[in-house]
Every structure is written in C-alpha cells, then in structure tokens.
Amino acid sequence: MNSAFNDPAFWSRLQFGFTLTFHYLFPQLTMGLAWFLVFWKWRALRTGDKKYNQAARFWAKIFGLNFAVGVVTGIPMEFQFGTNWADFSRFAGGVIGQTLAMEGMFAFFLESAFVGALIWGERRLGPRYHFIAAVAVALGSWLSGYFILVTNAFMQHPVGYELQADGSLGIASFSAYLLNRWAWVEFAHNQMAALVTGSFVVAAVGAFYSLRGLHTVQARLYLRAGTFVALIASLLVAFPTGDQQAKMVGNHQPVTLAAMEGRFHGGRDAGVAMIGEPNVAAQRLDNPIEVPGALSFLAYGTFQSYVRGLDQFPQDTWPDNIELLYYSFHLMITLGSAFIILMAYASFRNWRGRLESDTLLRWALMLAFPFPYIANTLGWMTAELGRQPWLIYGLFHTRDGYSKMVSSGTTIFTLIGFVGLYFVLGLLFLFLVGREIANGPDQEAVNQLVEARAA
Amino acid sequence: MIETWYIIICLMLITYVLLDGRNWGAGMILGLVATAQERRQVIAAIGPLWSWHEVWLVGFGGTLVAVFPKLMASAFAGYYLALFLILWSLILRGVSLEVGGHINDRMWQGFWDFVFVVSNFLLAILFGTAAGNLARGVPLDGHGDFSMAFFSDFRVRGYVGLLDWYTVSVALFAAVLMAAHGATYLVLKTEGAVHDRSETFAKYLWVAVAPLLIMVTVESRVVRPDLPGRAIHNPVLWLGLLMITVSTITLVSGRLSHREGRAFLGSNFLLVGLLTTGGAAIFPVMLHSTLSPENSLTAYSVAANPSALRFALIWWPMGLALAVAYFVFISRQYAGKVSVNRDNQGFY
C-alpha cells in the first residue's frame, strides 16, 4: 500500500474539498439569481407589467431547488469541522466558530424564514410583502457569503487574534476579525463571480427559448438582463476585484503568487505566462509564452518591480501541489477573459438590436452557462491550494488539523458515500431543473391562479 | 460565563428538537396515513418551513464550534460514522420533501413519501441514540478522545458501543415521543381525515410515552447512579421537573377538551422540560467517560477561551432577537390549518 492511501489528512482534505465544491455549485447560483428576483419584483411593483412577475415566479422555482440542495449539502460542511478537522477546531474554534455561528443566526435564519414565502407565497403576501421577501432572501444569501468569507479570510490572512494560555486562538479585536481587509476583497471578487454564474444561467435559458421560438417575451427579458449583468459582473470580477485579490496574495502570500504563476526564479520584469506547463522536478516552466513585465505590473504596479520566485522561499513553505494550483489559476483567468469578450460582443449585438436574430451567438450563450461554474471552482481551488501547506496561513499547518481518531479508511468510506449520494442528487437536480425549464414561464393556469388572488 | 453558554447551547439544541421534531414526528405519521391525498396534507403541514427548522441545527453547530470547540472536536470525531448517518438522513429528508412536490404523479410522490418516512424515522432514532449516549457516556481516554463501534457487548460500562440496551431504549422512547409530538402538531394543523387519524395516533402514542418515560428514568438511574446526588442541588433541574409537570397537565387537559393549540403547547413544553431536566442533570459534565470519571469532559474543560466567549455574547443576543422576529412573522403567515389545495407546495 502506498502512503497516500494511509494518510488520513489527505483523505480528509479530499472529502472536504469534494463536498465543498459540490455544495458551492448551488449557493453561487442562488447568490447570483437572488438580485434578479429582487429586480424583477421591483419592476413589477413599479410598472405593473405582468411579465416581470412571471419571470420572478419562474426563476423562484429554480432558486428554490438550488436553495434546497444548498441547505442539505451545506450542513455536512459545518459538521466536518468536528468530524474530520477536530484538532483544527480545538485550536481555532473560538475564532472561526464565531462566524460559522453568525452565518447560521444572521444569514440562514433570515434566508430560510423567507424563502418559502418567496417561492410559494405570492398570493398570501401580496405584491409589496412578496418584494420584501425577495430582498430578505437576497440579503440573507449575501450575508451568509460574507460570514463564510470572513472565516476563509482568517485562514488566508489571520488578523485580530491572540494566542491564549491554553494554546488555542482567542479574539483580540472583534472589528479587526470581522472587517479583515482580505474578507472584503475576497467577498467582492466572489460575489461578482456568483453574479457571473447567475447571469450566464439566465442568459442561457433566454437563448434556449429564443432559439426554440418559445416564450418570446420572457426570452427577450432573460437575454437582455442576463447579458447586461454578465458583462458588468465579468468586468468587475477581473477589475478591480480580481486585481486587488492578486495584489493581496502578492503582498501577504508571495510564495503562493510565485507558485500560481509558475515562477521558479525571481527577477525584475516578470512576465505572465499565457501558455506553459510547470515542471516542478526541473524547476522551470516548460514551453512558456509570456507577456513580458506583466506580472511585475499587475502585482506591484510597475513593469520593473521585482517579483520573487519559488527558489527564494524555503521549499517547505511552497504550496504542496504547484501544478494543480498553476493550472487552476491560469484556466480561471482564461475563462474570465473569455466571459468578457463573449458578453461584450453580446451586449454590442443587443445594442444594435441583433441579439435575437444572431443564431450563432445565441447558441454560444446557451452553451456558455457551465463555464462560470468551472471558473468559480477553479478560483476556489486557487485560493485553497495556494494557502497550503497552511490551514491558517503562517500559524497552523494543515497536517496538524485533522482528526487523529479517524482512520483514513473511515474517511474513504464516507467520501465514497458522499460521491454516490451527490451523484444521484446532481442527476435529480438536473432532471428537475430541466423539467422546470421545459415547462417554461408561460404556464397560463398557474399565472392566472396567482394573479387572480393577488389582485 | 461558561454556565450561560451551557444554557444557550442547550436552548439552541432544544429549539432545534422542538422544530425539527415536528418534521420527524409528522414524517413518521406520514407512513401511517392511508391515501395519497392525505399524505399531501401531512406534507403541506410541514410545507415551506422545513429549512427554517433545519437551520437551527446549523446555528447550534456553529455556536458549538465557537464556544465549546473541544467538545465538538471530541464528540464529532468520536461519533464519526453515526454523524454521517445523521447527515445523510438529513440530506434524504430535505430532498424528498423538496422534490416530491415538483411532479404531480402518484409513483413519484409515493416514492419520495417513502424516503421521507424512512429518513425521518432514522433521524428520530439517531437523535434519540445520541441523547442516550450523552447520558450514558462514551469511552473517553485521558486525552479527551474516543472512538467507538456501533455496538460492543450491549453493556453500559467500559468500552461501550453506540448502541446498548440503554441507548436503544432511549432511542425507542425518543421515536415514540417525537411521533406523539408530530401527531399533536398534525391535529393542530390539519382538518378532515388526517386530523381525525392524528387524534387517534396522538392518543395511543401519548399513552405509550408515559410507561416509556418511567422506564427510561429508572434505567438512567441504574446507568448513572452518580447523577441524582449532584443534580438535586441544581435549581434548573427543579425548573425542568416543574415544566414537565405543568406541561403534562396542559397537554392532557388540551387533549381531553380538544383544545388543539393548548395540547400542542403542552407537547412543546414537555419536550423542553424533559431536555432541560436532562441537561441540568448531567451538568457540568458534557461528555461522561465510561472508563474513568476523571476523563470526562466538562463545560469548563471544553469551553473556548474567555475572549471567544465574550465576543460570542455580543452578537448572540442580536441573532436571537432577529430569530424571534422571524418567528413572529412565520407564526402570523402560517397560522391556522393548512389545506391541501393551498399549501401543498403550490402557490398559496
């Protein structure tokens, strides 16, 4: 048997990574979609135009499915802090537990108290309260994102803590912990990325209906709103939020930046590799095609800035999987750039009134929706692989955090359980969402029923 | 400070059990009602609020990490497989409720109703087993760690397993109690055939709860002879016992006079009273060691450092105030009996 098979820390990491990656497929859509619902409910209030309520009604159902899967896959995340990361919880529970609990009490309570009313309660609530329910759910979903990102930001860039007499971490400054600069930048970047996912999905459904010649009014609404928000959000993901995020990594985790860029050797005039494969054994980037000076400029502001390479850091502080980190980061950047180009072109065609007659473009928009999910996942892989070998950067090693009482085989067993369960859950989700999309927003019976009572 | 947090943690867990207990109980009753139409009515009674009930577990779990991190670490790692069974049951329960309403088809809904019944039954049994384990203790070693099998020799001392004669009987008690609680809830929230059927179930289930409660009390005395001597000086224990008495009277009088709201109130406070008594009885030990009393984890030994406890005491009351506000909103929005046409995961 090889050693990785008997390494409980590895399997606990894999299980956490797998369950978190799957979980986050759902909240990223709800966080993005929530503001579309608010916007449409608001337009319906202002204009009285039924098409906005129809749109909100249709997307609320898809929101509801996402929300449900998000809830049930989210609970295992919190529990794993105890089951698989017991020593991490012992060390840092007093700090990171605060925001985990605050997420529950300030965000989930709000979201879950109103989500049922948002999805099904239009008749009972009336238009004004139904709009408020949409706002409450949107706020709840973004607040939960903030609390989780404060938790993650503490692991990336610990601030406001103090080491206690018993060897655990305590809180020295509440405000420093809650208003960690890392958390704000990461939150801005992450929420824009969630909007990218939400808007791409809205645009894709619009493109699908438009290509099919179905639900013409709704299709136009989705296409226009989707491509417009997608363009803005794609731009904001890159600049300023992504740019700030990279600068922060450069300042606080320089070894991570070097690994992300595959820079084995330091120097001025550092380039960004457009293409290239890191060869860790030989400590070089194979077949690189670089934009000269770009990394110096992006990370530190001038083309001449000195950017350190991996060789200037002790090898035991290197992220433990440089290749995966490099590919994740670079593919994320590539996809992000492609999103801007696609949505800029779509917005241009829309401005010229050609969006709904451009077959190729509508096909592209329809098929583009999986890629923001991939880009979001790659972004998180970059953040978390880049943090290695630390669980809390500079304070606590990942190796020291896992549950010593849980054997690797036990974790493999539960990991396989999750893989099986989530596979079925994913199929079920796709089947039901596909069915809702096939049913479409123009369900006369439902719309008449709701509007008759709401009036 | 640590006592305050012990009380808060217990309150959060109790709130979760009260709220999700409705789902477990109604879920088990769902397996007993006759027609598909009636099953829709039971689902409607749980309706759009299951996630609101379930997030109390998230609030509890997060608070546990924040204020008793060492307990979370020991207990969750030690109960590893049992906890994943709970997690998977929660996933199946939520999914079955959510997707069942999406397709109006007998086979589809029949299948998901079945999953719903089984997962709720499992949850009631698993949480009951967990309660039994908390009372009996686990084989904690000198480092505050343990790992245990699903069952060993079914005895309650030494290297115990998750299941033994005591924890199994507590689980049985919990399942019957939760079914009774769920039936009482359904009596309040439904009308017609389900209402009448739930009346009957509630009657028999509450009658069954009484001897089981006496049995579990006697058993607890046998399993933990050390408890009464210490707990008798704890005023909260007496508060719990008083609550049990008053709520039992409320429940019985509510049932006999067909005041459904009163009966349900009694049912809720009976649960609060039972859990309060249990929580007060074991305090300050949070996890008892069956190997040696010195290995036990007390609230004082597992609490986070004072700075963490102080910080949490700032935001927690704000969170609670908001939760109460949502609770008022929910009570007003969803007051009264449900009707299948209106609340069955359809637009209402």
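This note goes through the two chains of a predicted model, point by point.

1. **Ground rules.** Residues are numbered from 1 along each chain as its sequence is written, while chains are lettered from A and ligands numbered from 1 in the order in which they are written. Because the model is predicted, local features need pLDDT of at least 70 and side-chain atom pairs count only at pLDDT 80 or more, while totals for chains, interfaces and linings use all residues.

2. **Chain A overall.** Chain A has 14 helices and 6 strands. Helices (H or I, at least four residues) and strands (E, at least two) are DSSP runs, numbered from the N terminus. The C-alpha trace spans about 70 × 50 × 45 Å along its principal axes. The radius of gyration is 23 Å, which agrees with the value near 23 Å for a compact globule of 455 residues. That radius is taken over C-alpha atoms, and the globule rule is 2.2 Å times the number of residues to the power 0.38.

3. **Chain B overall.** Chain B has 14 helices and 2 strands. Its C-alpha trace spans about 60 × 40 × 40 Å along the principal axes. With 348 residues, a compact globule would have a radius of gyration near 20 Å, and chain B agrees at 20 Å.

4. **Burial.** Buried residues make up 54% of the 455 residues in chain A. In chain B they make up 57% of 348. A residue is buried if 20 or more other C-beta atoms lie within 10 Å of its own, exposed if 12 or fewer, and partly exposed in between; C-beta atoms are placed from the backbone.

5. **Where the chains touch.** The contact takes 56 residues from chain B and 61 residues from chain A. On the chain B side, helices H3 (50-67), H4 (69-78), H5 (80-100) and H13 (306-333) each give two or more residues. By class, that side has 36 nonpolar, 16 polar and 4 charged residues. Ala, Val, Leu, Ile, Met, Phe, Trp, Tyr, Cys and Pro count as nonpolar, Asp, Glu, Lys and Arg as charged, and the others, Gly among them, as polar. Two residues are in contact if their C-beta atoms, placed from the backbone, lie within 7 Å.

6. Helix H1 of chain B covers residues 2-30. It reaches 41 Å from its first C-alpha to its last, close to the expected 42 Å. The expected span is 1.5 Å times one less than the number of residues. Still, H1(B) has a kink of about 35 degrees, centred on Asp20(B). The bend at a residue is the angle between axes fitted to the seven residues ending there and the seven starting there.

7. Strands E3 (residues 272-279) and E4 (residues 284-291) of chain A run antiparallel, joined by 6 bridges. Two strands pair if DSSP finds at least two bridges between them. Val272(A) stands opposite Val291(A). Between the strands are 4 residues.

8. **Backbone points to check.** Most residues other than glycine have a negative phi, and most peptide bonds are trans. Gln283(A), in the loop between E3 and E4, has phi near 55 degrees. Gln283(A) is partly exposed, with 13 other C-beta atoms within 10 Å. Asn287(A), in strand E4, has phi near 35 degrees. A cis peptide bond joins Phe239(A) and Pro240(A), and Pro240(A) is in helix H7 (residues 216-252). Another cis bond joins Phe283(B) and Pro284(B).
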